[in-house]
Amino acid sequence: MSKAGSHIPARVASAFLVGVSLIPAVGLASDWPSWRGPSQNGVSDETGLPSSWSPEGENLVWSDAWIGRSTPAVFDGRVCANGRTGEGISEKENVACWNAETGTKLWEHAFSLANTTVPFNRLGWGSVTGDPETGYLYAMNVDGYLNCFDRKGSIVWSWRLGEDLGRANGYGGRTSNPVIDENRLLLSIIGSGWGDRAGAPRHRYMALDKETGEVLWFSTPGQAPADMNAQSVPIVAVIAGQRLIIDGGADGTVYALRARTGEKLWEFHLSKRAINSSPVVDGDTVYVGHSEENLDTSTMGRVVAIDGTGAGDVTATHEKWRIDSASVGFSTPTVNAGTLYAIDNSANLLAIDTESGTILWTHSVGTVGKASPVWADGKLYVTETNGNVHILEPSPSGVTVLDSDELSMPDGRFAEIYGSFAPAYGRLYFTAESGIYCLGNTASAFNTDPGTVPSLGVETPAGAITSIQVIPAEVIASSGDTLRFHVRAFDANGRPLGEREASWAVDGLAGATISSNGTLATSDQAANQGGKVVA
């Protein structure tokens, strides 16, 4: 595998479908290691959280200078975030971690963005993701520089996704987040490549080994993207006994892929343009919204409930309900106790009955809805683009405003907020253009117990082998290198069946040979070329 910035001549890829074990966006109960939390739905079990606060000091445990646009990850006693720094030619995207209790900055890295046209105020769009098991932090910046950091902030491995794997760079800066499931890191990217991925860009999914960065599989479930900027973040769920990745695509379609192989199970056509709001799952139902043109009406925007138990094209058969003209295009809903809470593009908070799709009530939280609501301790914690921070107490008939504050910059204008709250360790963390903030009761004990791993559900028992996966799925190698390939087997539902022996061959790599145990030797005289290892 290449390190960032290196140039390596020979290129090798596996010929078979690369199966991925998608990392559940699930984390540990007291941690908030990914942007929608341990259960991937924006719901926290934390209690004793504040009902009011003030930027001047009430229930403000600590804050630090920071220009943030995303949701922080809180795990392993740390809070980490993407951001931006500098002026003029020194403008950079940066990643940092703080002590979650004291706010002491532990480390920081800044990265020059030489290969992007994304404007400075959109840097740091994607949220970082933490892995409580290894302590690693994963950050993908707007130009496709993917880094894995250890606890001390040292880079464990890196990919330049544009140069190495064909990721495209949209000028708008919308960036998805890395997702962890089991021992895999899942990425949602738009781009093209070589071989089977050559040609027009497509919205693709790929899985990496979370510890080594080794490529495990690529999946291309859809058609040409309608928008090269798309920020929907995949989630992992077990539905009808199958472990699935579910996400909204840049072609306007919601896809369900088998989590460990990347095979497409079903698709639901929702919009004429890209889907930027991530799905949320409750039981077997998938909830998702968009704010673009609908396929079958002249209206803009829709929220739908999809029966997630289908297969194939389920657009006409598995829609449970819809709300037309609900432009929930960027904020991802939260679901709790039979109510779906969604924020539309005009910053109206909608409370929707999950069974019927009936809107129970609406409440304005500002003018621009981008951030996603978080449910914790019987309250909704909501941010809004124009510096507004709200603490709300919802009920079946309406909402009580417990607290509202507005963050501002030194020049008097509002501080932009795009990220959501991250509840963890009895406190609340969020970032804004004006800084990073930790809210809580300073008299309460600080406990970093990670808690328990939420269950995604029971999977069907393993069956007979129906597919194999060659690993690594893609390698950038040098002439004279020796590389070891191996094969994993899976059943029809994507359940892993362990490693298997295989017969090996080389396709298109001049001078390369492969042994009976899958060891590839490239020629030390090899020119730049691409080819395949076939199992």
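A disulfide is counted here when two cysteine sulfur atoms lie within 2.5 Å of each other. The model is a predicted one, in which local features need pLDDT of at least 70 and side-chain atom pairs count only at pLDDT 80 or more, while totals for chains, interfaces and linings use all residues. Residues are numbered from 1 along each chain as its sequence is written, and side-chain values use heavy atoms, with hydrogens and water left out.

A search of the whole structure gives one disulfide, and this bond joins Cys80 to Cys97 with an S to S distance of 2.0 Å. The link between Cys80 and Cys97 is right-handed, with 105 degrees about the S-S bond. Because Cys80 belongs to strand β5 (residues 78-85) and Cys97 to strand β6 (residues 92-99), the pair ties together parts that are 17 residues apart in sequence; strands are DSSP runs of E, at least two residues long, numbered from the N terminus.

Cys148, by contrast, is in no disulfide, and the nearest cysteine sulfur, that of Cys97, is 12 Å away. The sulfur of Cys438 is too far for a bond, because the closest cysteine sulfur, in Cys80, is 14 Å from it.

| Residue | Relative accessible area and class |
|---|---|
| Cys80 | 0%, buried |
| Cys97 | 0%, buried |
| Cys148 | 0%, buried |
| Cys438 | 0%, buried |

Definitions and conventions
Helices (H or I, at least four residues) and strands (E, at least two) are DSSP runs, numbered from the N terminus. Buried means under 20% relative accessible area, exposed over 50%, partly exposed in between (1.4 Å probe, protein chains only).
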